[in-house]
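New notebook page. I want to look up a few residues first, then some helix pairs, then the chain as a whole.

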Amino acid sequence: MSPSRIAVSGCLLGLIGDVYLYYAAALTAQLLAGALAGFGYGLVFAATVAGVAGTRDPDRVYGVGNVGALLVIMLLMAVVPAAGARLGPLGVFAALAALCAGSIPFLFGLFPGRRATSPEFSVVRTPGAPGLLITWTLWAAGTGSLYVFCERIGRSIHLLPIFITSVLSTGVLLGLAGASVASLLGPRLNRAVALICGMSGSA
């Protein structure tokens, strides 16, 4: 199955999950919808990473892709307050659903002629792959938890909302700078050094 089809399928699942999150009232329905949306986003991420890995210059392409993703995050940070004011506390899910719907046309034809899986690659047999996968998973879980709970943590220690927002915005801007450097240096950048520096900065 091509990365394009997997990404489109994941985006559709994310769209459905976000719409249900916006309308669902019961906690069980919200949990199921959140799981569906998360699974869909995971498919999009996996498909794009697999597609980028097959390009001629994956480091640079992935760096440029991260720059674009961070720009979208900055856009969402600007849109979410307006969505919350117009659509209520769950307006963020309506904004995410709109983002999914707007992204689908750009996913068609992504990485044409490539497949998302390769019989030559095995996570178990490739040296360093299991450790990298575990490290990436833990890093993603940690940073995701930070963004989810940072507001509550900040308020519990009496930080002003504007200060919390400024810190998060600074983090996004620094991530934008890091991704830009990675895309400019491309294959000249040692991956192990880049991973160590990036994860040390996140810690």
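**Asp-18.** I looked for Asp-18 and found it in helix α1; helices here are DSSP runs of H or I with at least four residues, strands are runs of E with at least two, and both are numbered from the N terminus. Before going on, I note that this is a predicted model, where local features need pLDDT of at least 70, side-chain atom pairs count only at pLDDT 80 or more, and totals for chains, interfaces and linings use all residues. Residues are numbered from 1 along each chain as its sequence is written, and side-chain values use heavy atoms, with hydrogens and water left out.

Is Asp-18 buried or exposed? Its relative accessible area is 1%, so I put it down as buried (buried is under 20% relative accessible area, exposed is over 50%, partly exposed is in between, with a 1.4 Å probe and protein chains only). Which residues does Asp-18 touch, not counting those up to four places away in sequence? I get Ala-37, Tyr-41, Phe-93, Leu-96, Ala-97 and Cys-100, where contact means heavy atoms within 4.5 Å.

**Ser-4 and Phe-108.** Ser-4 also has its place in helix α1, and it counts as buried because its relative accessibility is 8%. Phe-108 is in the loop between α4 and α5, and at 56% relative accessibility it counts as exposed. These two are 104 residues apart along the chain, yet I get 5.7 Å between their C-alpha atoms. Leaving aside neighbours within four places in sequence, Phe-108 is in contact with Ser-4 and Val-8. On the same terms, Ser-4 touches Leu-107, Phe-108, Gly-109 and Leu-110.

**α1 against α4.** Two packed helices are described by the angle between their axes and the distance between the axes. For α1 (residues 3–23) and α4 (residues 91–107) I have an angle of about 160° and axes 8 Å apart. The axes are lines fitted to C-alpha atoms over the stretch in contact, and angles run from 0 to 180 degrees between N-to-C directions. The pair is therefore roughly antiparallel (over 145 degrees; under 35 is roughly parallel, 65 to 115 roughly perpendicular, the rest oblique). α1 passes α4 in a left-handed crossing, meaning the near helix is turned anticlockwise from the far one by less than a right angle.

Asp-18 turns up again in this contact, and the α1 side also includes Ser-4 and Val-8. Among the α4 residues are Phe-93, Leu-96, Ala-97 and Cys-100. By class I count 16 nonpolar, four polar and one charged residues (Ala, Val, Leu, Ile, Met, Phe, Trp, Tyr, Cys and Pro are nonpolar, Asp, Glu, Lys and Arg are charged, and the others, Gly among them, are polar).

**α3 against α6.** Next I checked α3 (residues 58–87) and α6 (residues 161–185), whose axes come within 7 Å and cross at roughly 160°. They are therefore roughly antiparallel, and their crossing is left-handed. The contact includes Asp-59, Arg-60 and Met-77 of α3, and Leu-168, Val-172 and Leu-185 of α6. Its residues divide into 15 nonpolar, six polar and two charged.

**Whole chain.** How many helices does the chain have? I find seven helices and zero strands. Of the 203 residues, 21% are buried. Among contacts with a separation of 6 or more, 73% are between residues 24 or more positions apart.
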